[in-house]
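Colleague: I have the model open and would like to learn how to read it. Can we go through it feature by feature?

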Amino acid sequence: MLDQTRLPGEVVQVTLTEWPEVVDAIRTMVVRGAPAIGVAGAMGVALAAAGAAATGATREAFDAEVGRAIAALRDARPTAVNLAWAVDRLGGIVTAHEGTPGEIAFDLADAARGIHTDEVERCVAIGNHSLRLITRGARILTHCNAGALATGGYGTALGVVRAAHAADPTVTVIVDETRPLLQGSRLTAWELEREAIPYTLISDNMAAALMAQGRVTHVVVGADRIAANGDVVNKIGTYGVAILAREHGIPFIVAAPTSTLDLSMPSAAGIPVEERAAGEVRGLSLFGRPAASPDSPVANPAFDRTPARLVTAIVTEQGVHRAPYERSLRDAWDTAGH
Ligand code: MRU
């Protein structure tokens, strides 16, 4: 995988061969973004199975090792449901399988590759469905990185941008830098540059002023988890952007595959929000010096909850969903065959 912590300065591929390395890569955000950590998690389970099968493990020992990997991968990050969804899917294959460890390991590798291919196809479908929501000459504000890096290819919010820009080359993007980990400036800007899609980078506190000046026509973001009622959990700062969009009459569009739905959650209230290390907030340097005292008390929730009433539309690979979301998201889940 591409090491996302080293972008945009260095483009470095890392090769992981043991499942604990995958747990670590997810935790440290070498790989990040909801669908991408799902794909990585599935590959981690497949690695655990291949490793156990190669040692000639009994079926019992094999199941125990794969079970350990599933539990650790599932816990690596708590908010994006794609991770639990993907590893549990592979867990289900193990439970139902009557073959030898070698045969199961083979099928798990196949299933992990299948999840990767499916996620990319879902993103392309999201891009196509979204075309009817994006008007000519759109100036699309996006938050965080919901691009190829975050999804194993193409992207959800950036998939919408890609499709819109291919249909209308006058489409441009406004990129929130996305404090504290700067996924916007480090990753989204890097992707857009490679795609030759024109963009303007702003710090997060500039969005309101640009909206007031009429410089934003749409907001498009991804999601880490979407509850049954259409509440959206996404990168910290998304909720604020949604409030701003409502105030300025700008459509707020969420693009996510059905693997990001968690219909067991009636609303976002019960969705866990990861709290990350204080150093991520204090860590910025300016003028060659730390920008915060090393002792500053810090809050660092990595995600926030945007209520469905602020969401204009949710686009999945199954189509465009509008409020009330319950029925439409349930149908999308069922049609996707999860
Ligand atoms: O903490 P991160 O960088 O993994 O958070 C990622 C986001 O919040 C993305 O917007 C979300 O996962 C959607 S990616 C298609």
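**Reading the model**

Modeller: Contact here means heavy atoms within 4.5 Å. S130 sits in helix α5. Before we go on, this is a predicted model, in which local features need pLDDT of at least 70 and side-chain atom pairs count only at pLDDT 80 or more, while totals for chains, interfaces and linings use all residues. Residues are numbered from 1 along each chain as its sequence is written, and side-chain values use heavy atoms, with hydrogens and water left out.

Colleague: Is S130 buried or exposed?

Modeller: Check the relative accessible area: buried is under 20%, exposed is over 50%, and partly exposed is in between (1.4 Å probe, protein chains only). S130 comes out at 1%, so it is buried.

Colleague: You mentioned V160. Which residues of α7 are buried?

Modeller: For a helix, look at how many of its residues pass the cut-off. α7 covers residues 157-167, and nine of its eleven residues are buried. V160 is one of them, and R162 and H165 are on the list too. The helix and strand labels are DSSP runs numbered from the N terminus: H or I for helices, at least four residues, and E for strands, at least two.

Colleague: Now the whole chain. Which domains is it divided into?

Modeller: Domain 1 is 19-124 and domain 2 is 126-336, with bounds from an automatic or database domain assignment. Their centres, taken over C-alpha atoms, are 27 Å apart. The contact draws on 20 residues from domain 1 and 34 residues from domain 2.

Colleague: How much area do domain 1 and domain 2 bury between them?

Modeller: The size of an interface is often given as the accessible area lost when the parts come together. The figure is summed over both parts, using a 1.4 Å probe. Here the two domains bury about 2,100 Å², with 53% of that on carbon and sulfur atoms. On the domain 1 side, R32, T79 and C123 lose the most area to domain 2, and together they make up 30% of what that side buries.

Colleague: How many salt bridges does the rule find across that interface?

Modeller: The rule wants a side-chain nitrogen of Lys or Arg within 4 Å of a carboxyl oxygen of Asp or Glu. Between domain 1 and domain 2 it finds two.

Colleague: Let's turn to the backbone. Where is P180?

Modeller: P180 is in the loop between β2 (172-176) and α8 (183-194). For a cis peptide bond, look at omega: from R179 to P180 it is near 0°. L7 and P8 are also joined by a cis bond, with omega about 0°, and P8 is in the segment before α1 (19-27).

Colleague: What about phi at L182?

Modeller: Phi there is near 60°, positive in a residue other than glycine. L182 lies in the loop between β2 and α8. Y154 has a positive phi too, about 70°, and is in the loop between α6 (148-151) and α7. Y154 is partly exposed at 24% relative accessible area.

Colleague: Which backbone nitrogen does the side chain of T178 reach?

Modeller: That of C144, at 2.8 Å. T178 is in the β2 to α8 loop and is buried, with a relative accessible area of 0%. Beyond four places in sequence, its contacts include H143, D204 and K235.

Notes
Polar contact = N/O pair within 3.5 Å; in protein donor to acceptor, adjacent residues only side chain to side chain.
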